[in-house]
Amino acid sequence: LFLIYLMIPDLVYNIPGGVVYFMNFIAGAHISVTACKIESFCTVFGLSGNCWINTLIALELYRMLKDSYIRKHYFPPSVRTVSIRCLTAYLFCAS
């Protein structure tokens with residue numbers, strides 16, 4: 001589930017960014033200030049979103065390895081827990 005959430009910042013970065021790049025290419029120049037602001041938001045959101053979701057994945061891997069090392073049963077986070085953590089990271093990145 002973490003990997004699905006990891007794809008969302010990439011899509012937010014690539015789809016609008018690709019559309020704006022294509023529109024700039026067709027026009028031969030930057031088309032508008034608003035398009036540049038949208039492009040910059042998508043870039044920052046995509047980069048920071050990836051970093052935070054990768055941090056959440058690393059945290060779960062650490063917990064799993066720590067429990068495995070001490071021979072303790074590891075219980076993976078529920079779908080709800082993963083969703084809350086990832087959506088919180090997205091809100092932090094969007095603000």
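Visitor: Is Tyr5 buried or exposed?

Guide: Tyr5 is buried, with a relative accessible area of 13%; buried means under 20%, exposed over 50%, and partly exposed in between, using a 1.4 Å probe and protein chains only. Tyr90 is buried too, at 8%. This is a predicted model, where local features need pLDDT of at least 70, side-chain atom pairs count only at pLDDT 80 or more, and totals for chains, interfaces and linings use all residues. Residues are numbered from 1 along each chain as its sequence is written, and side-chain values use heavy atoms, leaving out hydrogens and water.

Visitor: How many aromatic pairs are there?

Guide: Rings of Phe, Tyr and Trp (its six-membered ring) pair if their centres lie within 6.5 Å; planes under 30 degrees apart are stacked, over 60 edge-to-face, and the rest tilted. That rule gives 4 aromatic pairs. Tyr5 and Tyr90 have ring centres 6.3 Å apart and planes at 50 degrees, so their pair is tilted. Tyr5 sits in helix α1 (residues 2-27) and Tyr90 in helix α3 (residues 79-94), so the pair ties together parts 85 residues apart in sequence. Helices here are DSSP runs (H or I, at least four residues), numbered from the N terminus.

Visitor: Which residues form one aromatic cluster?

Guide: The cluster consists of Tyr5, Phe41, Phe45 and Tyr90. Within it, Phe45 and Tyr90 make a tilted pair, 5.8 Å centre to centre with 45 degrees between the planes. Phe45 belongs to helix α2 (residues 33-69), 45 residues from Tyr90.

Note on methods:
Helix = DSSP H or I, 4+ residues; strand = E, 2+ residues; numbered from the N terminus.
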